[in-house]
Each structure stands twice: as C-alpha cells, then as structure tokens.
Amino acid sequence: MTTAHQADPYAQVTAVADEGGAPPDTGGSVAELEELFGEANDPRNPVGHRAVLAADERHTTPSEAERLLDRYGLNAEFVPAELGGRLTHLEHLMEVARAVYRRDPALGLGYGAGTFMAAANVWTAGRPEQRAELARAVLDGGKVACAYHELAHGNDLSRAELTAYPAPNERPTLLLNGRKEVVANLQRAARTVLFARTSPDGGPRGHSQLLVDPERLPAHTVEDLGRFHTAGMRGVRLGGVSFADTPVPPESVLGSEGRGVETALRSFQLTRIAVPGMTVGLLDTALRTAVRCAEERQLYGGAVTALPLSRSVLSEAFADLLLADAFTAVAARTVHTAPRQAGPYACAVKYLVPSVLMRAVKDLSALLSSQFYLREGPHALFQKLLRDVLPSSFGHASRASCQVGMAPHLPAMAHRAWGKPDQAPLSEATFQRDAPTPPLDFGALSLTPGARDPLVRSLVCLGEELPASGRSEERRVADAVRQHLAALQELAARSAELPPRELGPNAGASTFALTARWAGLLAASACANSWWRDPARCPTDAGDPVWVLAALHRLGAHLGHHRDRLPPDLAEPLFRELTRRVEKGETLDLGRRPTRT
Amino acid sequence: MTVADPARGSSLVAEVEAAVKASAAAGDGSAFDPARLLELDRQERFPDLECALLDRCGAPRAYLPPEWGGATGGLPETVEVLRAVARHDVTVAVAHGKTFLGTAPIWVAGSHGQREWAAREVLGSTAFSWGLTEPDRGSDLLSGRLTAGSDPAGWRLDGAKWPVNNATRGRVCTVLARTDPAGGPRGFGLFVVDKSTLSHGSWRCLPKQPTHGVRGADISGIAFEGAVVGDDALVGRPGSGVETVLSALQLTRTVCTALTLGAAGQALRLGLGFAAERQLYGTTLLRLPQARHLLGAAASSLLLAEAASAVAARCAHALPGEMSVVSSVVKAGVPDWGQDAIDTVAELLGVRGFLVGHPAYGAFEKLERDHRVAAVFDGTTAVNRNALINQFPTLARRFADRRCARDGLRVAADPAAPLPDLDHRELRLISRDGCSLVQALPDALSELATRATSGGEHGRVPDRVVHLAELLEGEARRLLSHVAALSPTPREVPTEAFELARRYEVCFAAAAAVHLWLAEPRPERRGPLWDEALWLEATLDQALSRLNPTAQRESQHLDCADRLVTALERHGPDRWTSPFSSPHRTASAAPAAAGTGDPR
C-alpha cells in the first residue's frame with residue numbers, strides 16, 4: 001500500500017494501485033471510531049443518544065460529533081490512497097461510515113455520504129489537477145456538495161435545467177443559470193459538484209459536471225434559497241441555490257464536456273452500493289433499541305420478549321439486517337473483482353436494500369407499541385430512526401430509476417450469460433471479507449456490463465456444488481438455493497423475449513417485476529455464497545447456516561414470493577444470538593464488531 | 001326493524017364537509033387553512049380554531065346516539081364525519097373525535113341521568129377524554145394502578161393516567177380505576193370525572209408529551225390525589241369497568257378506521273395529483289406503467305380498508321353481538337392496509353413527500369407521521385389480533401357450520417338498507433355467532449358466480465372477477481382450516497396465530513366487498529369504478545395478494561391496477577371518494593325522536 005501523504009497526487013488513479021491486497025484493518029478503524037464516540041447510553045456523552053435526539057429537535061447534529069469526526073479524519077476515508085487519503089476498499093469505507101450511521105444517520109449522511117457522492121464524480125471523471133484539488137479540499141476537512149437535484153426534475157437527469165453556457169463576447173467563461181434544490185451541505189461546502197446542461201441541444205451528451213469553489217462565485221449572482229426542512233434526517237443541512245449569470249472558468253468542467261450523464265452513472269455505481277451499506281447501521285441501532293425496549297417493557301405479566309410474536313419480529317429484523325449486510329458487502333467487493341458489472345449490481349442493491357431496511361424498521365415500530373410514538377423517554381430514539389430511514393429509498397436514486405437501470409441488460413443476460421456453463425462465477429475472495437482483492441479501479445467502471453453476470457453464475461454454481469447429501473443444514477441451504485434458482489428459469493425465459501420498447505422507463509410493470517426478481521437472485525447469491533465461502537461469520541447455537549436460511553427466507557418475503565413468518569427453528573436461535581450481541585455490545589451485522597451504541 | 005326512507009338521509013356529513021372545505025379554501029390563517037395546519041404541527045399547537053369550527057357546524061352530534069340528539073346515521077355517520085375531518089387533518093380528527101371515545105362508555109353502561117347529562121355536555125361542545133393507559137403499563141387494562149376507594153361523599157381517586165389524549169383540555173375525563181385492591185376482571189370501575197367539580201389540589205394535569213405525529217394534539221395526562229367524586233360519577237357497577245370499556249372499545253375501534261380512510265385518501269389524492277403534473281422521460285409520471293402500478297396498488301389497498309370499514313360500522317347496528325370480532329378485525333387490518341397505501345404513495349412522491357412545509361405536498365409528510373398513531377390508538381394491532389385469536393375456536397366452528405345471521409348480514413352489507421338503532425345492550429365480549437360476514441363468504445362467492453357475464457341483466461361481473469372469487473374461496477377455506485387446526489395455547493400464543501389473524505382480517509374485507517357489490521341493484525349506473533365490477537376486482541385482487549401472493553396471475557394483477565387508475569382519472573376532480581357512500585339514517589331518525597328521552 002502507498003503511504004498516504006507521499007503519494008503523487010497527479011498520478012492516474014488506475015495506474016498507482018495496480019496491486020490490490022487485503023482490505024485495511026476495518027476492525028481497527030471501527031473500534032477507533034466507537035471509542036471516540038463513547039458510550040451511547042451515557043446521558044452526559046455529548047455524542048450519546050440523548051445529545052443526538054436533542055440535536056435532531058434543533059434540526060442539527062451534535063456539534064461535538066463533527067469535531068470528533070474531524071479529529072478522526074473521516075474525510076480521508078473518501079479520498080483514494082494515491083491522492084493522500086485512505087480509500088482503497090469500498091467495503092472498508094462502507095463499514096467505517098456504517099459506524100457513524102449507527103450513532104446518528106443524519107451525521108452519516110450530512111458529514112460523510114454526501115461528500116463521498118460528490119467526490120466519486122471527481123475521482124471517476126476529473127482531470128488529474130481536479131482530483132488533486134478536491135483531494136486537498138477534502139483532506140483539509142471540507143465538505144463537498146453533490147448538486148444534482150432540481151425539485152422540478154428529481155431523478156430524471158436528462159431534464160436538469162441548470163445551464164452552464166459560454167458567456168457571449170468575453171474571455172472564455174461559462175455562465176451558470178438556474179437552480180439546485182435540496183442538496184446537502186450546499187451552504188457550507190468547500191467545493192460543489194454541479195450537474196449542468198452544457199449543450200443547448202440536450203441529448204445524451206448535453207450535460208456535464210462542474211467542480212466549483214463556492215467562495216469564488218461573485219456573491220451578487222448567487223441567491224441562497226435557504227434551508228429545506230425534512231421529516232427525517234433533520235440534522236442534514238439541505239440547501240438550495242439559484243444562479244443568475246454566475247461566471248465560472250471553463251476548466252471547471254469535470255473531464256471532458258458532455259460526459260455528465262455517463263460520469264454520473266459510472267461514479268454512482270459506488271455510492272448506490274455504499275450508501276445502502278452504510279444505512280445498515282441505522283437498522284442496527286433501531287433493532288438494538290427495540291430489543292432493549294422489549295426486554296424492559298412488561299405486558300400481561302411478563303417481558304414483551306416472552307411473547308413468541310415479539311421474538312419473531314425481532315429475529316426477522318435481524319435476518320433483514322444480515323441480508324442487507326451480505327448483499328451490500330458482496331456488491332462492494334464485486335466492484336473490485338468484477339468492476340464492469342457494478343452498474344446493474346449497484347442498481348439492484350439500491351433497489352432492494354433500502355426497502356428491506358425500511359420495512360424492518362416499520363415492523364419493529366409495531367413491536368414498540370405506543371413507545372415508538374413518543375419523542376421523549378428511554379426509547380425516543382426509535383421515532384427518529386423511523387423518520388431517518390425514509391429517504392433511503394428515494395434519495396440518491398429512486399427504486400424505479402434503479403429498475404430502469406437494470407432492465408436494458410435483461411435480454412443479453414438471458415441469452416448469453418445466466419445459462420452459460422462457460423461463464424465463470426466470481427472468485428471465492430469476493431465472498432470472503434478479509435481476503436485480498438484487486439484494487440478499486442475507478443477507470444474500470446463501465447456503462448456496458450456486457451453479457452456477463454458472474455454473481456448469478458455464482459448462485460448457479462453453488463446450486464451444483466452444494467451436496468445433496470451431507471449435513472442436514474447444508475441440504476436445507478441447498479433446497480433454499482434451488483428454490484431461488486427455479487425463479488431464474490422463468491426470469492430468463494421472459495427476459496429473453498423482451499422487445500426493445502420494454503427496456504426503458506416506459507416499460508410495463510411486468511418488466512419492472514423482472515428486474516426485481518433479478519435483484520432477488522443477486523441478493524440470494526450474495527447471501528448463500530457468503531455463508532458457503534465464509535461459514536463462521538454468524539454462528540448461532542443452532543449452527544452456522546441459520547442466518548443464511550433466515551436471510552433467504554426473508555428475501556422471499558421481500559420479493560413477494562410468500563408472506564410466511566420466519567419458522568421458529570430459525571427465529572429462536574437468531575433471537576438468542578441477537579440478545580447475546582446486544583448484551584455483549586457487538587454490532588448486529590456479519591462483522592460482529594464491538595460497539596458502544 | 002323500522003323502515004325509513006333512505007333518501008332522506010342525514011346531512012351532518014355534508015354540513016361538516018362543506019364547512020371545513022369553505023374554511024380551508026378561505027386561507028389566510030382560517031381554520032383548516034392548509035398552511036395553518038402545517039404551522040400548527042410545526043409549533044406543536046392545538047388546533048383550537050379547527051375544533052371550534054367543528055363545534056359550530058354541529059360535528060359533536062356525530063358522537064351521540066340519535067335518540068339523544070345525535071346525528072341520524074349512527075356509527076357509519078360517525079365514521080364519515082371523522083373521515084371528512086381526517087382527510088384534511090388527522091390531528092384535528094384525533095383532537096376532536098376524542099369526545100366520542102370519552103363518552104362511548106356512557107352509552108354502553110351509563111344511567112339515564114348520566115346519558116342526559118352527557119348529551120347536554122356534548123351538544124354544548126364540552127371536550128371529553130378517556131383515561132385508560134397508565135405510565136409503563138401500555139395496553140394491559142388489568143394492570144392499572146389508579147385506585148377508587150370508597151369515600152363518605154362517593155369515591156376517592158388516587159393515581160395517574162398517561163398518556164391520554166385531551167387529558168388537559170378535556171373538562172371531563174372518563175377514568176378506569178381499580179375498585180378492588182386485588183384487581184382482576186371484576187376489580188375495576190369506570191368513573192366520569194368532571195374536573196370542574198374536583199376540589200382544588202386534588203388533581204393536576206401531566207405535561208403534554210411530544211409525539212412523532214399528531215404533534216398539535218393534547219397528548220398529556222392527569223394525576224389524582226384524593227380527588228373525590230360522587231356516586232353519580234360511577235358508570236355501571238363498581239366491578240363492571242373493564243367489561244364496559246371492552247364493549248365501548250368495540251365502537252371506538254370501529255370508528256378509528258376513519259383516521260385511516262381520511263389519511264390514506266388524502267395521500268392517494270396527493271399521489272394522483274403529483275403523478276398527473278410531474279413531467280419526466282418525455283411524458284408525465286401518470287403515463288408510466290410502473291407509476292400506475294404503484295398508484296393502483298395504493299388505491300386497491302385503500303379499497304380494502306373502505307369496504308371493511310363501511311360494513312363494520314353497519315355491523316354495530318345490524319349485528320351488534322358480533323362486534324367483538326368485527327371491531328378487532330378492522331382495528332388491526334385497516335390501519336395496516338392504509339399505511340401500505342401511504343407508503344406506496346411516498347415512494348412515488350419521493351423528496352416531495354419528505355419536505356416539511358412544502359406548500360403543495362407538505363401535508364404528506366405530516367399525514368404519514370400522523371397516521372402511524374392509528375395502529376396504536378385504542379389498542380395496538382397486536383392487542384386486537386390477540387383478541388381475535390381468542391375467538392378462533394368459535395370462528396372456525398361457525399365457518400364449518402356455515403352459520404350466519406342472514407337478516408342482520410343483509411342490513412350490514414347494504415348501504416341503502418335502513419339501520420336499526422345501535423343497541424348497546426346487545427354488545428358482547430365474545431361473539432357466539434362468530435362472524436357472519438366471513439361465514440357467508442362461500443355463499444356470497446357462489447352468488448357472484450351466477451352474475452358472471454352470462455348471467456342476469458343487472459350487476460354482471462366479468463369472468464375474470466369470478467375467477468378471482470374462486471381463488472379467494474380456496475384461500476379462505478385453507479385459512480379457516482388452519483384456524484381450526486390451531487390448538488389453543490393458553491399461555492404462549494404462537495406467531496403463526498397472529499399471521500392467521502392477519503389473513504382473517506383480509507378475508508373479512510374481501511367478504512365485505514363481495515357483499516357490498518351484491519347489495520347494489522344497479523352497479524352499472526354508478527360510474528367508472530363500478531363498471532365491469534372494477535372496484536370489486538381490484539379489492540379481491542388486493543386481498544388475494546395479501547393472502548397468497550402467488551395465487552393470482554401476474555398479468556391480470558398488473559392489468560387490474562392499470563384499469564383502476566384509469567377509472568380514478570375519470571372519477572372526478574377529487575379523484576378519491578369512497579365508492580360506498582351511504583345515505584345515513586337509522587330508525588330513530590324519525591322526526592322529533594331527538595331529545596325525547598331514553599327509549600329504553
């Protein structure tokens with residue numbers, strides 16, 4: 001690995017780290033952060049639950065928390081190692097930021113994820129001097145605003161109206177006109193990545209990103225639209241801005257002009273995986289809160305956890321968390337091992353995982369009964385998390401837009417990938433957390449995954465590899481895998497016949513349903529292979545496959561294959577493992593790291 | 001049963017609707033001005049102007065039986081009035097509707113004098129509250145520690161109720177208190193406590209509790225310390241409090257569905273409006289099949305809730321002995337389906353559904369928070385499912401017997417049929433007859449099959465609807481066989497039982513829809529939602545996907561949602577009104593019945 005501060009900031013990102021290697025010591029980083037945050041339940045802790053809640057009421061995040069993260073240097077996690085930062089493995093970044101989400105999701109998004117979303121554009125498409133400039137700004141502690149959103153157009157990038165056209169009769173200058181709204185940290189960012197129309201003709205080459213320093217914009221041309229207040233994530237400073245003939249130098253354009261949509265689609269492959277992976281931390285805290293509430297509350301003469309229904313609800317949320325963790329972790333590692341496929345994989349993650357997390361939090365709210373409705377008292381944190389989880393499904397990319405990103409690839413996958421025995425599965429290392437991987441290569445991110453789907457191939461191969469005899473638990477996993485694989489046959493048959501008009505946003509709802517099934521198969525593969533290649537990740541007193549059986553069961557429920565509850569022989573051991581972890585202070589994901597949340 | 005002319009229905013719903021709408025449209029900080037409602041929420045201020053407006057336009061009449069000066073439509077009208085309020089603002093409905101909850105026990109078990117007094121107070125706009133919950137004891141009624149000891153002057157109250165809606169603002173609080181130190185089902189009494197009659201220092205209000213939603217509502221508490229009330233404060237007998245509460249809850253739980261119908265209806269209107277105006281990918285959101293699919297799913301979830309609520313409220317009059325089942329079913333199911341509808345619209349609205357104070361869509365994030373109280377209010381979903389599970393053996397047996405109270409059922413399921421008065425004495429803690437609506441489902445589905453396109457002149461249904469009905473019958477039979485097979489476990493209710501309860505709720509709603517359809521003599525005249533039995537198809541389709549998501553063919557499922565949205569587009573400017581509007585009228589609506597005293 002390169003030592004951070006000696007790296008040549010102008011080096012090509014792809015050229016430097018030509019050897020990958022083992023991920024950095026994620027456990028160490030998470031432990032350090034947890035230590036800095038301290039005991040969450042200590043009422044005097046300035047970054048404890050009480051402070052987080054109080055800050056939420058004031059529409060902010062605990063001020064001490066930002067100072068702690070400055071001290072920790074969280075920003076360095078967002079900067080590639082060759083530019084002086086610590087970013088070498090997407091999974092590492094995800095898990096470190098997840099620790100922040102565990103403490104306060106608004107802090108995670110407002111301090112962390114927002115900057116990474118913007119910066120990923122620059123690492124992917126920026127010229128060397130732009131990358132170096134941004135690396136310096138971020139390593140200095142600056143925030144970067146990711147200014148894509150216009151209220152009138154939402155996720156439809158091609159309609160973005162902010163323009164950056166050459167000024168008439170002047171030395172080369174671009175003039176900004178238009179507005180950006182509901183953008184995190186817009187008012188305090190050291191740099192802003194603006195998504196703007198640069199060609200009046202529009203079309204696929206009509207937009208570009210601009211990297212601008214807000215301080216250099218003439219104040220009289222920029223109107224601050226004030227803060228946008230939201231139901232959840234209230235501590236995130238969402239701002240708006242309106243430009244009127246605001247001059248920026250033409251070299252602000254990221255990379256070469258007209259690549260805006262392409263750059264967005266490539267760089268957001270990273271963030272569409274990482275942000276849902278970070279948000280697993282939100283469910284971690286919600287579930288922990290629910291366990292504590294259920295253990296304390298008395299109902300009908302016993303603790304709420306004495307009721308089988310309560311244990312089921314908690315175990316199901318736990319299995320949801322493990323499912324979300326396994327899928328995001330494997331997807332993050334495929335960015336290293338199969339970067340060309342990251343486009344549809346990222347869409348599948350962003351489509352599926354947030355809805356899994358949202359539903360889990362919603363189901364837990366029923367368990368808390370009226371407690372979840374109170375903004376004061378020992379479990380008041382829950383109602384905050386219930387609000388904070390809401391934007392995970394539409395923020396950054398809606399479920400529908402992710403499905404639109406998957407649909408065009410269905411026919412090729414059906415014809416030339418899924419059923420081809422010569423198509424290799426993913427390397428075993430993809431499913432093993434601490435195994436070395438190839439480096440993170442921004443240049444390898446692609447809009448054309450080709451007719452290759454190694455993650456689904458891994459599921460097919462696993463189906464063949466899993467013994468039909470042997471340990472009964474293994475047979476049970478094999479059955480579950482084969483059930484999911486049965487869906488592949490029909491998916492392939494129907495995908496193969498999709499006409500071109502069914503591959504865009506105008507597609508019928510049945511095509512959208514196919515993308516959902518594909519996402520389900522990818523998630524099933526991630527879970528099953530994670531267990532098979534790394535069986536000791538989540539032991540329970542009833543054996544190691546309990547978690548994967550539960551995760552696959554829950555996946556079936558999320559995909560609408562069934563509406564059954566988790567059977568007791570899975571729910572009960574998971575419940576015991578869950579309460580053991582809450583008591584011992586371990587995270588609830590597959591990483592099982594110490595936590596003070 | 002008295003036959004009244006349904007065409008001469010009550011006008012209270014229309015009056016309340018008109019008054020609220022006019023005031024909302026006046027803007028500029030008048031009651032129900034949308035901007036004002038958002039601001040009240042932000043400042044966590046009580047909607048005082050709104051409640052005053054409701055008082056002025058006679059809304060309290062919706063909380064009284066007709067023979068005591070109440071509106072003529074009975075419980076269905078109570079639901080309709082509160083729904084009309086909730087579609088503008090759930091918080092106001094919660095704040096004002098609480099009087100219905102606080103007085104319900106008086107109609108169940110109060111003396112003639114108490115009823116007379118309560119009617120006068122309600123018509124005079126006195127706010128009532130209902131104190132059941134105590135700190136740290138949740139929904140468990142028998143764990144209450146507030147005591148009522150005998151006192152020379154009557155009873156002496158000690159202890160606290162919290163959190164209680166309207167505890168501070170309500171002048172009267174109906175309180176469940178332990179009359180026997182040992183407690184138990186016969187150890188509690190119910191007391192109507194008029195705070196203005198208590199001696200100074202014997203009571204105090206507990207501070208308003210900040211909440212997730214309904215932030216403007218007065219969710220506070222009340223503590224008594226040697227508060228003395230007279231014997232006339234006791235409702236019923238000293239040991240009958242729990243029974244009275246459980247009977248009254250059968251009515252209030254049914255009325256709670258109004259919150260969901262209002263909130264989810266408002267959500268759907270916002271969603272349809274947004275989809276129609278949102279430009280993207282060279283068209284509008286409303287033209288994209290996937291968006292239509294989501295809107296259709298939200299609408300059919302709401303239809304399920306509408307059908308269940310409409311019939312449940314009528315059951316209180318027509319099948320009062322079955323209300324222990326019916327009220328639990330709708331109190332658990334309706335908020336669930338409504339929340340799903342709201343969540344689906346949220347997905348469509350994206351950031352607009354998340355912004356606070358947005359002039360056009362700010363109402364959404366508020367209703368989303370507000371509505372979540374519906375699943376908690378008056379007994380949580382789990383508590384209601386538990387109540388239903390307790391009656392499983394009877395429900396299974398009666399289904400197998402195909403027993404049902406035909407006359408009552410016919411009235412319950414026909415919005416045009418005159419309703420008998422609500423006879424509170426007929427409410428039972430356990431339904432001997434099970435649930436006629438569900439027990440008659442196989443027969444109703446057979447009758448529906450005779451209306452297949454080849455059938456009679458009126459009320460024809462397409463074959464695809466008959467096909468859905470067949471699938472549904474299979475699911476219902478399977479469900480009831482599972483219910484029958486569930487061995488009663490007194491101590492630990494298995495998770496599976498809760499899942500069966502959830503499915504039973506869906507069957508109830510589907511049965512309600514089928515019966516409502518069969519009761520309509522000329523469906524073809526009633527507009528786009530009725531054409532080709534569209535709403536029925538959508539409701540059955542939604543029910544099926546909640547019973548067994550793989551039962552229905554995907555293509556038909558998707559096509560149905562699309563046609564439903566097409567019908568909603570043609571449905572009119574408001575785009576969502578219940579297809580089952582009923583002319584509100586009960587037997588006592590006969591002229592001059594009001595105020596003539598207790599007919600019993």
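Predicted model: local features only at pLDDT ≥ 70, side-chain atom pairs only at ≥ 80, totals over all residues.
Me: Which residues is A:Ser365 in contact with, leaving aside its neighbours within four places in sequence?
Reply: A:Ser365 is found in helix H10 of chain A, residues 342–368. With neighbours within four places in sequence set aside, its contacts are A:Phe372, A:Phe382 and A:Leu386.

Me: How many Å² do chain A and chain B bury between them?
Reply: The contact involves 57 residues of chain A and 56 residues of chain B. Carbon and sulfur atoms carry 58% of the area buried between the two chains. That buried area is about 4,900 Å².

Me: Which residues of chain A lose the most area to chain B?
Reply: Three residues together account for 17% of what the chain A side buries. They are A:Tyr373, A:Arg375 and A:Arg563.

Me: Which side chain does A:Arg517 meet in a salt bridge?
Reply: The count of salt bridges between chain A and chain B is 8. In the one formed by A:Arg517, the N to O distance is 3.9 Å, and a salt bridge requires that distance to be within 4 Å. The partner is B:Glu554.

Me: Where does the largest share of the side of chain A that touches chain B come from?
Reply: Helices H9, H11, H12, H13 and H17 of chain A each supply at least two residues of that side. The largest share is 5 residues, and it comes from H17(A).

Note on methods. Residues numbered from 1 in each chain as written. Chains lettered and ligands numbered in written order. Heavy atoms only, no water. Contact = heavy atoms within 4.5 Å. Buried area = accessible area lost by both parts, 1.4 Å probe. Helix = DSSP H or I, 4+ residues; strand = E, 2+ residues; numbered from the N terminus.
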